[in-house]
Amino acid sequence: MALDQSFVGRTYPPTPAYEVGREKIREFAEAVGDTHAAYVDVEAARALGHADVIAPPTFVFSITYRAAGEVVRDPQLGLDYSRVVHGDQKFSYVRPVRAGDRLTVTSTIESIKSLAGNDVIDIRGDVHDEAGELVVTALTKLVARAAEEA
């Protein structure tokens with residue numbers, strides 16, 4: 001069953017603030033194998049003009065994907081999450097994520113398409129800092145595979 005097109009443009013309330021910690025950044029950088037010094041060494045980050053360590057570009061996925069979960073779990077949307085696969089991910093940065101940032105995410109359904117029986121939903125996650133400034137926009141594409149015929 002195709003998703004309701006009237007949900008396009010629907011915006012969900014901002015998430016509670018997520019405080020970015022140095023240790024979380026270090027753990028993420030290690031997990032993805034990125035050894036850039038600015039992710040673990042305050043002095044290296046300062047030498048590049050940052051006030052504290054910065055996060056690898058994909059770090060923000062962990063909070064934007066969680067925020068997109070609000071969309072996915074919306075019972076009115078009717079998305080069958082058991083059939084969902086992650087289709088694509090893009091980030092558009094205004095500035096790097098830094099240790100000490102307190103970030104909120106506001107999710108908006110950008111588009112809903114039906115392709116070969118599959119539902120494709122694009123969710124924009126606008127990530128703002130405590131001052132309300134945009135830090136990064138994440139675009140997440142989810143594909144709900146068509147139900148198999150009996």
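Biologist: Among contacts between residues at least 6 apart in sequence, what share joins residues at least 24 apart?

Modeller: The share is 67% in the protein chain, where contact means heavy atoms within 4.5 Å. Please bear in mind that this is a predicted model, in which local features need pLDDT of at least 70, side-chain atom pairs count only at pLDDT 80 or more, and totals for chains, interfaces and linings use all residues. Residues are numbered from 1 along each chain as its sequence is written, and side-chain values use heavy atoms, with hydrogens and water left out.

Biologist: What elements make up the protein chain, and in which order do they run?

Modeller: There are three helices and five strands; these are DSSP runs numbered from the N terminus, helices being H or I with at least four residues and strands E with at least two. From the N terminus on, the order is β-α-α-α-β-β-β-β. The C-alpha atoms fill a box of roughly 60 × 30 × 20 Å along the principal axes.

Biologist: What makes the arrangement of the strands a sheet, and which strands are its edges?

Modeller: Two strands pair if DSSP finds at least two bridges between them. Five strands form an open sheet in the order E1-E3-E4-E5-E2, with antiparallel pairing. E1 and E2 (84-93) are the edge strands, each pairing on one side only. E1 and E3 run antiparallel and are joined by two bridges, which meets the requirement of at least two. Tyr-18 has Leu-103 in E3 as its bridge partner. E2 and E5 pair over nine bridges, and His-86 stands opposite Leu-142 in E5.

Biologist: Why is Ala-116 called exposed?

Modeller: Exposed means over 50% relative accessible area, buried means under 20%, and partly exposed lies in between (1.4 Å probe, protein chains only). Ala-116 has 79% relative accessibility, so it counts as exposed. Buried residues, by contrast, make up 41% of the 150 residues in the protein chain.

Biologist: Why does Val-8 count as partly exposed, and what does it contact beyond its sequence neighbours?

Modeller: Val-8 has 34% relative accessibility, so it counts as partly exposed. Its place is in the segment before strand E1 (18-19). Leaving aside neighbours within four places in sequence, Val-8 is in contact with Ile-109, Glu-110, Ser-111 and Ile-112.

Biologist: Why does Asp-129 count as buried, and how do you know that it has a polar contact with Arg-95?

Modeller: At 14% relative accessibility, Asp-129 counts as buried. It lies in the loop between strand E4 (118-128) and strand E5 (134-144). A polar contact is a pair of N or O atoms within 3.5 Å; within protein, one must be able to donate a hydrogen and the other to accept it, and residues adjacent in sequence count only if both atoms are side-chain atoms. The side chains of Asp-129 and Arg-95 are joined by such a contact at 3.2 Å. The Asp-129 side chain also reaches the backbone nitrogen of Ala-131 at 3.0 Å.

Biologist: How many aromatic pairs are there in the whole structure?

Modeller: The search finds three. One of them is Phe-91 and Tyr-93, whose ring centres are 6.4 Å apart and whose planes stand at 45°, so the pair is tilted. The rule is that rings of Phe, Tyr and Trp (its six-membered ring) pair if their centres lie within 6.5 Å, with planes under 30 degrees apart counted as stacked, over 60 as edge-to-face and the rest as tilted. Phe-91, at 26% relative accessibility, is partly exposed, and so is Tyr-93, at 30%.

Biologist: What span does helix H3 reach, and what is expected of it?

Modeller: H3 (residues 61-72) has twelve residues and reaches 16 Å from its first C-alpha to its last, close to the expected 16 Å. The expected span is 1.5 Å times one less than the number of residues. Its buried residues, including Ile-63, Ala-67 and Val-71, pack against E1, strand E3 (102-115), E4 and E5.
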